[in-house]
Amino acid sequence: MPGLKAAILPVTPFQQNCALLWDEDAKRATIVDPGGEVDRILAAVAELGVTVERILLTHGHLDHAGGAAELKERLGGAVEILGPAEEDRFLLEALPEQGARFGLACRAVTPDRWLAEGDRVGIAGIPFAVYHCPGHTPGHVVFVAPREGVAVVGDVLFRGSIGRTDFPYGDHAALVRSIREKLFPLGDHIAFLCGHGPGSTFGTERRTNPFVGDGAVPE
């Protein structure tokens, strides 16, 4: 898409896709899901020559949010953190405990603003709609710009798979509804960046995804 540029930086042992999205003309950037390795993220920002305006969090797992507090601090503190939905507060508060289980140093973080269904956030000068898509976590949100044909979906949907729901707070049925009833109707043309691995399009996943595609066996 003209003007919008993206770079994916896999971080932490979980190889989570931290996304750097920026406006090539204005050099304004948004960082989505800085799970860790803040030095690498800042090095990429410097190399690109962009100014970070905000940090977005899709959900509260350590590999997506574990570096957010440090990154905000090292960017000068003025950068705002938006999202996820407040239902993930308990996960963000427990980031130090999450990290300790995996030998990773994580700081708890409180967003400057929680997000909810129907909100809009600016990414590289483009308004992205916020969709609350629970199931993987209760407060997971997704960012979509339907007209531009691009989305950032975190751990809701992957190429050929969907997010895990085998956590005590996971909800498989809710996740499937989120994908089928909120995301797929937005259009087959939409290409998405996801939290792990390569992206895809809503159309490809609607046709072929074994968990939520047209041919998936109802549960």
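A salt bridge is a side-chain nitrogen of Lys or Arg within 4 Å of a carboxyl oxygen of Asp or Glu. The exercises below apply this rule and others to a predicted model.

**Exercise 1. Salt bridges**

Task: State how many salt bridges the rule gives, and find which residues are linked in a network.

Solution: Applying the rule brings the count to 18 salt bridges. Among the residues concerned, D188, R206, R207 and D214 are linked in a network.

**Exercise 2. The partners of R74**

Task: Describe the salt bridges that R74 forms with D39 and with E70, and work out how exposed each residue is.

Solution: Begin with the pair of R74 and D39, whose side chains meet at 2.7 Å, N to O. Turn next to E70, which forms a salt bridge with R74 in which the closest N and O atoms are 3.0 Å apart. Here both residues lie in helix 3, four residues apart, which is about one turn of the helix. For the last step, recall that buried means under 20% relative accessible area and exposed over 50%, with partly exposed in between. R74 is therefore partly exposed, because its relative accessible area is 41%, and E70 is partly exposed because its value is 30%. D39, at 53%, counts as exposed.

**Exercise 3. A charged residue, D63**

Task: Determine where D63 lies, whether it is buried or exposed, and which side chain it meets in a polar contact.

Solution: First locate D63, which is in helix 2 (residues 62-65). D63 is buried yet has no salt bridge, for the nearest side chain of opposite charge, that of R164, is 8.6 Å away. That distance can be set against the 4 Å cut-off of the salt-bridge rule. What the side chain of D63 does have is a polar contact of 3.2 Å with the side chain of H196. Not counting residues up to four places away in sequence, D63 touches T12, F14, Q16, D33, G35 and H196.

**Exercise 4. Pocket and cavity**

Task: Give the volume of the largest pocket and of the largest cavity, and say which residues line them.

Solution: The largest pocket holds about 340 Å³ of space. Among its 16 lining residues, F14, H61, D63, R164 and F167 are the closest to its centre. Helix 2 and helix 5 (95-101) each supply at least two residues of this lining. As for cavities, a search of the whole structure finds one of 30 Å³ or more, and the largest cavity contains about 50 Å³ of space. Its lining includes I8, Q16, V32, D33 and G195, and strand 2 (residues 16-23) gives the most to that lining, with three residues.

How values were computed:
Residues numbered from 1 in each chain as written. Predicted model: local features only at pLDDT ≥ 70, side-chain atom pairs only at ≥ 80, totals over all residues. Heavy atoms only, no water. Buried < 20%, exposed > 50% of the residue type's maximum accessible area, 1.4 Å probe, protein only. Lys, Arg positive; Asp, Glu negative; His and termini not counted. Polar contact = N/O pair within 3.5 Å; in protein donor to acceptor, adjacent residues only side chain to side chain. Contact = heavy atoms within 4.5 Å. 1 Å grid on protein atoms, 1.4 Å probe; cavity = no way out; pocket = protein on both sides within 12 Å on 5 of 7 lines; lining within 4 Å. Points joined across faces, edges and corners; volume = space filled by probe spheres on them.
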